[in-house]
Amino acid sequence: MKKNLSYIDSVHRDGTVWNLGVMALLLLFPVAVALLFSTAPDWGALATGLFATAPMYWATGIIETITFVPMLGAGGSYLSFVTGNISNLKLPCALNALEQNEVSATSEEGEVISTIAIAVSSIVTTVIIVVGVILIVPLQPILQSAVLEPAFAQMLPALFGGLGVAFISKNWKISVAPIALMLVLFIFVPALNAGTVGIMVPFSAVFTIAVARILYKKGVL
Amino acid sequence: MKFSVNHPALFILAGVLVAVVLGQSVYFLVKALRRAKQLGMDTAKIRKTIRTAAIFTIAPAVAIVLSVITLSKDLGLALPWLRLSVVGSLSYETVAAGNALSAMDLELGKVSQLTAQQYVNITLVMTVSIMVGIWLVPAISKKLLGGVSKLQQRDAKWTDILSNAMFIGMIAAFLGFVFCDFSRLWSPEAGFSATSGLIPVCVMAVAALVMVLCGALMKLLKWKWLNDYALPISMIAGMASAIPITAWLG
């Protein structure tokens, strides 16, 4: 007899099928290129390239998955980890939607809102990239012009300035310590930069949870 | 078949993959919209969520197009289009492509013409390195979210605080990142002015001020509609302010 799945269970089932399907297709891309152009990988160079890249990315990927899944919800996670650009686009987009609708990320309404926001963001991003690829010849001089270049270079500070105000104003008691810590670390540790901010997100999240737990136990929150 | 990084066959292959991923987004959107209807959620709120997410995405998506253009100089257009539409981001893809090229004694930014074999190597390194999240989410998300759900039943207040703490942790890390070049003020770096590290800080301050202004307008003038656009407006204002601020401090 067919078992009636809950919404969340069906999201996990469908998400698993979609993600594993996309993963297989992604791996088929280089295989298809090799077959079409009658070539094979340079195995030695491939091993060297993978050795230099994969361990770091795998470690980061595992930490990012554990950190981001509870924030993105089920549907949002399956989509975000396929479409990418999580911390600079999908997660802020979901956060903004949850905040505007005043729903918790852990509720079913939050799950639905987060999925809708991330799905719309993914569709819009895909369409804009397609348009960009088609119109690359006329667009390239405009987007890479010296006038606009500083604006795109500063997208993340502009995004997190606005998002910071929206979230910190509502959670200022748990925000002070992690912001102070991150400011000190990023100012005085030269190794911390745009390339390492992704690694600092889980660290900062764990620190903030610890601070929040102490404040909660003391009855401050 | 003679290989070129912009061969039409590569666009067809990439196009099929991008279409499948687009299909996944549409599938999950429809599924979530149906669930919203079953839960009796306010249709106006759902429409607002769709509109805000779409508007909010435009500027970052244009920045992603810029990343595609940047990588296309070495890798052609099809591969960056695929990698930045599926899983990737500029920082990840640049490092992965750079490592793959350097293993073949080539350098990113100085590649004149790739062979099919080099292209396959680069694609494999970029793909295999980045795909952890795609299979790990199906493997662990049910247990992870089940744990959060159990915690919610045990202590709902703490679960909400925990969720907010994770968000704040992420925002704090990015606010710290905004200050990562601040030390140029007292420790000069070749090729950069001492005040250049203040540019992201000033841009962030402008965006934050605009957000505060939007909040004040919403309260004082009862402009509730502004709530939908406050974040995109503050982000665009911050990005626009980067142009004169960079000219001044850069």
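**Reading domains and interfaces**

Mentor: Let us begin with the division of a single chain. In this predicted model, chain B is divided into domain 1 (8-130) and domain 2 (143-249).

Trainee: How many Å separate the centres of domain 1 and domain 2 of chain B?

Mentor: Taken over C-alpha atoms, the two centres are 24 Å apart. As for the contact itself, domain 1 of chain B contributes seven residues and domain 2 of chain B contributes eight residues.

Trainee: What area do domain 1 and domain 2 of chain B bury between them?

Mentor: A buried area is read together with the kind of atom that supplies it. Between these two domains of chain B, about 650 Å² is buried, and carbon and sulfur atoms account for 70% of it. On the domain 1 side, Ile55(B), Phe56(B) and Ala59(B) supply 58% of the area buried against domain 2, more than any other three residues.

Trainee: Let us turn to the two chains. How many residues of chain A and chain B are in contact?

Mentor: The contact involves 143 residues of chain A and 144 residues of chain B. The area buried between chain A and chain B is about 13100 Å², with 80% of that area given by carbon and sulfur atoms. Within chain A, the residues that lose the most area to chain B are Phe29(A), Phe37(A) and Tyr57(A), yet together they make up 6% of what that side buries.

Trainee: How many salt bridges and polar contacts are counted across the interface of chain A and chain B?

Mentor: There are three salt bridges between the chains. One of them joins Asp14(A) to Lys31(B), where the closest N and O atoms lie 2.9 Å apart.

Trainee: Which helix of chain A gives the largest share of the side that touches chain B?

Mentor: Helix H2 (residues 43-83) of chain A does, with 31 residues. By residue class, the side of chain A that touches chain B holds 93 nonpolar, 43 polar and seven charged residues.

Methods:
Residues numbered from 1 in each chain as written. Chains lettered and ligands numbered in written order. Predicted model: local features only at pLDDT ≥ 70, side-chain atom pairs only at ≥ 80, totals over all residues. Heavy atoms only, no water. Contact = heavy atoms within 4.5 Å. Buried area = accessible area lost by both parts, 1.4 Å probe. Salt bridge = Lys/Arg side-chain N within 4 Å of Asp/Glu carboxyl O. Helix = DSSP H or I, 4+ residues; strand = E, 2+ residues; numbered from the N terminus. Nonpolar A, V, L, I, M, F, W, Y, C, P; charged D, E, K, R; others polar. Domains from an automatic or database assignment.
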